[in-house]
Amino acid sequence: DFKVQIDGVSIFENPDFDVVKLGVVLTPKLKEINKRLSELPNSNKFTEYKPHITLSYVKKGLGKKYVNPDYKYEIKNISKIVYTRPDNTELNIQL
């Protein structure tokens with residue numbers, strides 16, 4: 001089991017919409033999990049790992065009202081990850 005620490009609500013801005021997200025503290029355990037998951041088929045095009053949890057896509061310019069850098073939370077006792085294959089079957093990965 002491991003935990004994930006949430007560190008603030010922020011946004012990604014792009015030309016069409018804003019992405020509201022929770023920041024996730026990068027830990028050695030998350031780096032290890034990311035490395036293991038990166039070996040599975042995926043569509044990730046980003047070279048740098050920036051852990052986050054996407055909450056929503058909102059109209060361009062409206063994301064700023066949700067930003068809260070002071071929001072903190074801890075998700076405890078994570079014991080598995082469910083990976084969905086391209087054919088929509090699931091692989092349960094015990095941690």
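Modeller: What follows describes the sheet and then the side-chain pairs on its strands.

This is a predicted model, in which local features need pLDDT of at least 70 and side-chain atom pairs count only at pLDDT 80 or more, while totals for chains, interfaces and linings use all residues. Residues are numbered from 1 along each chain as its sequence is written, and side-chain values use heavy atoms, with hydrogens and water left out.

The open sheet is formed by four strands in the order 3-2-1-4, with antiparallel pairing. Strands here are DSSP runs of E with at least two residues, numbered from the N terminus, and two strands pair if DSSP finds at least two bridges between them. Strand 3 and strand 4 are the edge strands, each pairing on one side only. On average, neighbouring strands of the sheet are turned by 25° against each other, direction ignored; the axes are lines fitted to C-alpha atoms, and angles run from 0 to 180 degrees between N-to-C directions. Seven bridges join strand 2 and strand 3 in the antiparallel sense. Asp18 has Val58, in strand 3, as its bridge partner.

The structure holds one aromatic pair. Phe17 and Tyr57 make up this pair, which is edge-to-face, with 5.1 Å centre to centre and 75° between the planes. Rings of Phe, Tyr and Trp (its six-membered ring) pair if their centres lie within 6.5 Å; planes under 30 degrees apart count as stacked, over 60 as edge-to-face and the rest as tilted. Phe17 is in strand 2 (residues 17-24) and Tyr57 in strand 3 (residues 52-59), 40 residues apart, and the pair links distant parts of the chain. Phe17 counts as partly exposed because its relative accessibility is 29%, whereas Tyr57, at 57%, counts as exposed. Buried means under 20% relative accessible area, exposed over 50%, and partly exposed in between (1.4 Å probe, protein chains only).

A charge also sits over a ring: Lys21 lies over the face of Phe12, at 4.9 Å from the ring centre. The criterion is NZ of Lys or CZ of Arg within 6 Å of the ring centre and within 35 degrees of the ring normal.

Four salt bridges are found in the whole structure, a salt bridge being a side-chain nitrogen of Lys or Arg within 4 Å of a carboxyl oxygen of Asp or Glu. One of them joins Lys3 and Glu74, at 3.5 Å from N to O. Lys3 belongs to strand 1 (residues 2-13) and Glu74 to strand 4 (residues 68-78), 71 residues apart. Lys3 is partly exposed, at 45%, and Glu74 is partly exposed, at 28%.

Asp7 and Lys72 form another salt bridge, their closest N and O atoms being 2.3 Å apart. This pair also links strand 1, which holds Asp7, to strand 4, which holds Lys72, across 65 residues. Asp7 is partly exposed because its relative accessibility is 39%.

In the salt bridge of Lys64 with Glu13, the closest N and O atoms are 3.8 Å apart. Lys64 lies in the loop between strand 3 and strand 4 and Glu13 in strand 1, so the pair ties together parts that are 51 residues apart in sequence. Lys64 is exposed at 55%, while Glu13 is partly exposed at 49%.

Back on edge strand 4, Asn77 is found in that strand. Its phi is near 60°, a positive value in a residue other than glycine. Asn77 counts as exposed because its relative accessible area is 61%.
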